[in-house]
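Visitor: I would like to be shown how the terms used for a protein model are applied. Please give the cut-offs along with the values.

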Amino acid sequence: MLEIRDLHSHYGFSHVLQGVNLTLRPGECVGLFGRNGVGKTTTMRAIAGWIKQISGSITYNGQEIGGLASNAICRLGIGFVPEDRRIFPGLTVEENLKLGLMQTAGRSGAQEAAALERAYDLFPRLKQRYRQMGTTLSGGEQQMLAIARVLVGDQKLLLIDEPTEGLAPQIVDEIFAIMRKLKSEGHAILLVEQNVKRALDITDRICAMERGRIILEGDGNSQADRDALMKAIAV
Amino acid sequence: MLDYMQFVLAPQMLNGFAFGIAIVLMALGLTIIFGLLDVINMSHGEFFAIGAYAGVVLLASGVNFWVAVALVPLLMLPVGVLTERLLVRQVFDSADRHTLTLLLTLGLSMIFYDGLKMVFGPNPLRPDNPIPGGIEVAGVFLPAYRMFLIFLGAAIIAAVWAIIYKTSLGAMIRAAAFDRNMASSLGVPVSAVYSATFAFGTALAGLAGILLAPIFSVFPTMGHEFIVIAFTVVIVGGMGSIKGAVLAGLLLTQVQAIASLIISPVWTDPILFGIMVLVLMFRPQGLFGRLGHG
């Protein structure tokens with residue numbers, strides 16, 4: 001589904017990604033772990049088209065997407081839930097969600113209304129707050145909106161970066177429950193998460209990153225691989 | 001006292017109001033372009049002048065004034081699209097975006113200014129007033145064209161507000177103004193939104209140009225003169241704020257209109273700039289927040 005080969009990227013003088021290789025199969029949840037600054041977020045942003053100074057190859061269902069504009073990449077079915085949520089503060093909850101409808105072209109009004117309804121069913125709290133401005137939401141609600149906003153686009157692959165950062169434990173539970181549900185519905189997920197222990201509950205495969213490279217790849221359900229991961233990222 | 005109100009103060013405030021509405025049209029384009037693209041468009045004044053001259057040319061070739069008012073903004077659209085695509089976009093992604101776009105649009109304004117002078121000469125041209133005369137209400141004479149300008153301008157301002165805050169296009173503009181990467185990742189065609197918004201702002205400037213032409217006449221330096229007030233309005237209202245542009249535009253032009261009854265009109269500009277300096281000292285972000293920033 002997603003194939004990354006020898007991906008390099010530069011931020012000014014720093015060589016952030018130094019040859020990332022990563023494969024993601026349909027319906028699979030892959031966890032990308034590592035300390036701060038090793039290139040996890042940069043990898044996500046490169047896939048989403050936010051970073052243009054890249055070399056190497058990123059293919060999605062056989063099509064090269066490296067260097068495409070972000071709006072072209074999302075049209076292929078890749079949804080991005082970035083670090084910090086990036087909710088638009090000057091838009092209402094509903095406007096934020098409706099913007100997400102643009103990820104998928106060619107749907108009828110009824111199909112779009114159904115997609116919005118599904119998102120509200122998944123996150124009833126957003127429905128209660130649909131007229132509130134994005135800026136008035138709590139951190140947990142913003143995270144829910146960031147996920148819901150991508151889901152209304154009916155995306156097949158979800159890139160989810162640090163979804164539980166700074167959230168209360170109860171909200172963290174909710175977010176993980178939602179991600180498990182999305183996985184069971186067939187979404188492929190590339191997850192970056194600092195809460196490694198929780199993330200291991202839903203990941204099929206695990207990767208450890210260090211200095212811009214993936215240094216270890218393993219089975220998310222194998223205890224030996226989990227131990228090796230913990231050692232590799234030293235947590 | 002009543003005479004003073006009827007014959008001096010009220011007409012002066014009405015003139016100020018008509019002028020204020022036109023300034024708001026100009027400031028709106030400026031503030032939307034800044035709010036969305038983060039570009040300080042120094043050629044906005046010349047777009048205003050080009051709109052006025054386009055009106056003069058259309059009128060001279062026999063086009064009816066009302067048709068010209070509808071045509072000028074449409075003719076300005078490609079000017080805006082070309083400026084954004086061929087010039088602004090070339091330097092948009094550089095680290096020095098503010099300086100480069102400022103210098104670029106300043107250079108462009110000089111070219112337009114000299115171009116207008118070369119083609120039309122330095123002397124003012126004045127289109128005929130399309131609605132001469134007026135009506136009297138409570139003893140106050142209301143010039144018909146100025147009243148028309150106020151109503152049309154208010155309708156356009158309301159329409160701009162509705163487009164930005166009540167339509168999906170407006171939601172795209174507000175989203176891209178806040179975070180273009182995120183907007184793009186949700187499918188917003190950010191590049192097209194940039195061009196369209198730049199063109200829209202240009203069309204508003206051109207419209208203000210032709211609407212003011214019968215009152216203030218048309219001359220090559222008109223862009224320079226009006227852009228200074230429009231910039232003051234945008235800075236006082238808050239760079240990138242639509243509400244700010246409307247309120248500051250109407251307020252500052254009233255201050256100017258009333259002050260010119262008390263002191264010499266040449267001293268009214270320093271009063272406006274004084275207000276701007278005070279706002280910059282005590283509330284540098286302006287009265288209201290930036291487009292899309294909540």
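Guide: What follows sets values against their definitions.

Guide: This is a predicted model, in which local features need pLDDT of at least 70 and side-chain atom pairs count only at pLDDT 80 or more, while totals for chains, interfaces and linings use all residues. Residues are numbered from 1 along each chain as its sequence is written, and chains are lettered from A and ligands numbered from 1 in the order in which they are written.

Visitor: How many helices and strands does chain A have?

Guide: Chain A has nine helices and ten strands. Helices (H or I, at least four residues) and strands (E, at least two) are DSSP runs, numbered from the N terminus.

Visitor: What makes chain A as compact as a globular protein of that length?

Guide: The radius of gyration is taken over C-alpha atoms, and the globule rule is 2.2 Å times the number of residues to the power 0.38. For 235 residues the rule gives 18 Å, and chain A comes to 17 Å, close to that value, so chain A is as compact as a globular protein of that length. Along the principal axes, its C-alpha atoms fill a box of roughly 45 × 35 × 30 Å.

Visitor: Why is helix α1 of chain A called largely enclosed?

Guide: A residue is buried if 20 or more other C-beta atoms lie within 10 Å of its own, exposed if 12 or fewer, and partly exposed in between, with C-beta atoms placed from the backbone. Nine of the nine residues of α1(A) are buried, so this helix is largely enclosed by the rest of the structure. Among them are A:Lys40, A:Met44 and A:Ala48. In chain A as a whole, 45% of the 235 residues count as buried. After α1(A) comes A:Gly49, with a positive phi near 90 degrees.

Visitor: Which strands does α1(A) lie across?

Guide: Helix α1(A), residues 40-48, lies across β3, β6, β7, β8 and β9 of chain A, at about 145 degrees to β7(A). Axes are lines fitted to C-alpha atoms, for helices over the stretch in contact, and angles run from 0 to 180 degrees between N-to-C directions. Contact between two residues needs C-beta atoms, placed from the backbone, within 7 Å. Helix α9(A), residues 223-233, lies across β3, β9 and β10 of chain A, at about 160 degrees to β10(A).

Visitor: What is the order of the strands in the open sheet?

Guide: The six strands have the order β6-β7-β8-β3-β9-β10 (chain A), with mixed pairing. β6 and β10 of chain A stand at the edges with a single partner strand each, so one side of each has no neighbour in the sheet.

Visitor: How do you know that β6(A) and β7(A) pair?

Guide: Two strands pair if DSSP finds at least two bridges between them. β6(A) and β7(A) have four bridges, in the parallel sense, and therefore meet the cut-off. In this pair, A:Ile78 stands opposite A:Leu157.

Visitor: What makes the crossing of α3(A) and α6(A) right-handed or left-handed?

Guide: A crossing is left-handed if the near helix is turned anticlockwise from the far one by less than a right angle, and right-handed if clockwise. α3(A) passes α6(A) in a right-handed crossing. The two helices pack at an angle of about 35 degrees, with their axes 7 Å apart. Residues of α3(A) including A:Val93 and A:Leu97 meet residues of α6(A) including A:Leu145 and A:Val150.
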